[in-house]
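Open the model in your viewer and keep the selection panel at hand.

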Amino acid sequence: MAATTSPAAMVSISIPSPQRRAVCRRRHRPGPRGRSLLRAASTAAPPSPDLSIQLSPRASSPAAPTAVVSLARDRAEDLQAESRAMARAAAATVFSPELLASRYGSRTIKVALRAAEVLSRLGAFGLKLLLDEQSGASSVMRRARAIELRTILTRLGPTFVKIGQGLSTRPDLCPPEYLEELSELQDSLPTFPDEEAFACIERELGFPLDSMYSSISPSPIAAASLGQVYKARLKYSGKLVAVKVQRPGIEDIIGLDFYLLRGLGFLINKYVDFISSDVVALMDEFARRVYQELNYVQEGQNARRFKKLYTDKQDVLVPDIFWDYTSAKVLTMDWIEGVKLNQQAAIEKQGLKVLDLVNIGIQCSLRQLLEYGYFHADPHPGNMLATPEGKLAFIDFGMMSETPEVARVAIIGHVIHLVNRDYEAMARDYYALDFLEPDVDVSPIVPALKNFFDDALNSTVSELNFKTIVDGLGAVLYQYPFKVPPYYALILRSLTVLEGLALYADPNFKVLAASYPYFAKRLLTDSNPYLRDALIELLFKDRKFRQVYMIMKWNRLENLLVQGIQDREFAAKDALQPVLKLLLGPDGEELRVLVVKEAVRVTEAITFGTLVDSYNAAPEFLKPLISSGNPAGPFKISKVEREQMIELRDRVFRIWRLLRSSDGFDPSILQPVVQMLQEPGGRVIGSRVAGGVTQRLAARLLQQLLRTPPAPGSS
């Protein structure tokens, strides 16, 4: 869980008497868990035992015959512990409108008092908005009202803080000024008494505090809208853990608030014409998410799934869950030492760079959004830590979301249409993204998209600020009958937060440019034909993407071929067709220049490598004659440049050998290239390559004649 750079003070808990420990051992059976992620970083570290709900230390088990058997046993025991945690959370409340009606429909006085508080604050604010509407509020006044709304929501408590945070991701509901102010909402609230927190732990887990922990922080390390976090040390193992305890009575507070808000939503739907969305449905959606956050076992399962999908990268860290210490209202996980991502000075003091960590977050987020579709929907600075080892740790998994598979490709296509300034296609994308009903006419939307993006796209797409795009789209969404799906609104929030963190460190940071390595990798490895075609278009249209792609191309081409060869449906000849078509197209001049340069570079490397091999194969008595007595050899070229050309030559040969050694290799794979060279545009490219090679070799020959030979071993 969250940690600061300075460990919190710990308070010791008295050790239970021998009689109590004996009772614990007699009555309960311990249950282990999987290895700690932190210890798993060391291959020499054995799996660590976990504490069962019975809280008694267990004797060391005999070593398993094999590591596989040991891991399987640990996994089975971990699943059993998770099942016990799920049983403890079986009574956790699941949101439904009927539940709220049954709980609060008859509690007239309590409902009336809370309604009076809420309506007095929000009603006064609504009246001001109506007056502003009649008088024609200026942008300054709208900004002041947005600030006022943020203050009101903060004072109304955790439910309204959560709703305000949700509204900050809904450009179809709020004008840009409100989006900006609501995005600044922080869910940090006053703590509740420690005695109540400790009593909750004992009540939920069923054991005295002193039988579970040898020490625990006397006050919370962090407090949020739904709970607060303590730092503790497990008694049986001495391991540091974070213990998250739910705020007492929070479910009743939130339930009452959502009961009132649903009633307000009905009134808005009936009487407020300028809000086109179904406010009651939106309230229900947020209520479901908040109630899910109240079930800490669900959060633990979210963390486990997230870890399984994304911690294959060594620079991403997710804490393990201690299931036997977890219930619906208590969550225990690995304690992670780290610094919040918005604490730039503290991060740099550790020798780390904020931009490196943000780039890790962006690459991980793109995998979340576009590969598996399961993503962290609340990546604010308090939920992400920079560890001393330079890893990015995710620590809060209460709010997660999923991107439908169809939408993942549609999102990339939307970016491609943006690059191509194909605003009609962009407007049609909103059908696939479920922004618009099929019967909505998109023709009025096209001019609005054109007006905004024609100005924004004066520079290349890689230079666009992501927030600029979000603001521009928000202005369009607010004017037309859009219905932004929850997953897409959370995507916008996720990437905007990451870009905001980067801008603290570098005002010129561009999240789209930072995304290009991910897209280049997808182009080199993905077998989805639509996705590959879309990314090829992006390669042709944007200079920055071409540069990134060419840097990665030779390093990853072998892997691409290996994967393609293993795929029986992979047809390199078919894959070449759209590439060559675009290469010869009217918009392909910059790419043709790039292809010519690359062809010249490869030809030079092959020629130079062949000469080096010939020199090395010559008899020793001939070498001084060939090199004119120069110990460094006959080639007046630096060691670094020589090594680079040899490496490029060898890589090209390895790729060719991969192709030839594959099952069913057919030389006709090159047929599209031959056909292309017979076309007028192809002949021009061929002549440019031949001319470039001739000029390059002539320049090298002149260099050999005029340049002073480098000293032996020079670089």
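Are helix 10 and helix 11 roughly parallel or roughly antiparallel to each other? Select both, helix 10 at residues 250-271 and helix 11 at residues 279-294. Bear in mind that this is a predicted model. The axes lie 8 Å apart and pack at an angle of about 170 degrees. An angle over 145 degrees counts as roughly antiparallel, so helix 10 and helix 11 are roughly antiparallel.

Now show the side chains between them. Helix 10 contributes residues including Ile 250, Phe 258, Leu 261 and Phe 266. From helix 11 come Val 279, Met 283, Phe 286 and Leu 294, among others. The contact residues divide into 14 nonpolar, three polar and three charged.

Stay on helix 11. Twelve of its 16 residues are buried. Among them are Asp 284, Arg 289 and Glu 293.

Next, select helix 5 (residues 108-135) and helix 6 (residues 139-156). Their axes come within 11 Å and cross at roughly 175 degrees. Helix 5 and helix 6 are therefore roughly antiparallel too. Look for Arg 114, Glu 117, Phe 125 and Asp 132 among the helix 5 contact residues. On helix 6, the contact includes Met 141, Arg 145, Glu 148 and Ile 152. What kinds of residue make up the contact of helix 5 with helix 6? There are eight nonpolar, no polar and eight charged.

Now for the rings. Select Phe 306, Tyr 310, Tyr 372, Phe 394 and Phe 397, which ring pairs link into a cluster.

- Phe 306 is buried, at 0% relative accessible area. Phe 397 is buried as well, at 0%.
- Tyr 310 and Tyr 372 form an edge-to-face pair, 5.6 Å centre to centre, with 70 degrees between the planes. Tyr 310 sits in helix 12 and Tyr 372 in helix 14, 62 residues apart.
- Tyr 310 counts as buried at 0% relative accessibility, whereas Tyr 372 is partly exposed at 36%.

For the last stop, select Arg 367 in helix 14 (residues 354-372). Is Arg 367 buried or exposed? Its relative accessible area is 10%. The cut-off for buried is under 20%, so Arg 367 is buried. Display its neighbours: beyond four places in sequence, Arg 367 touches Leu 309, Tyr 310, Asp 312, Lys 313, Tyr 372, Gly 373 and Tyr 518. Two of these, Tyr 310 and Tyr 372, belong to the ring cluster.

How values were computed:
Residues numbered from 1 in each chain as written. Predicted model: local features only at pLDDT ≥ 70, side-chain atom pairs only at ≥ 80, totals over all residues. Heavy atoms only, no water. Helix = DSSP H or I, 4+ residues; strand = E, 2+ residues; numbered from the N terminus. Expected span 1.5 Å × (residues − 1). Buried < 20%, exposed > 50% of the residue type's maximum accessible area, 1.4 Å probe, protein only. Axes fitted to C-alpha atoms, helices over the stretch in contact; angles between N-to-C directions. Parallel < 35°, antiparallel > 145°, perpendicular 65-115°, else oblique. Contact = heavy atoms within 4.5 Å. Nonpolar A, V, L, I, M, F, W, Y, C, P; charged D, E, K, R; others polar. Phe/Tyr/Trp six-rings, centres within 6.5 Å; stacked < 30°, edge-to-face > 60°.
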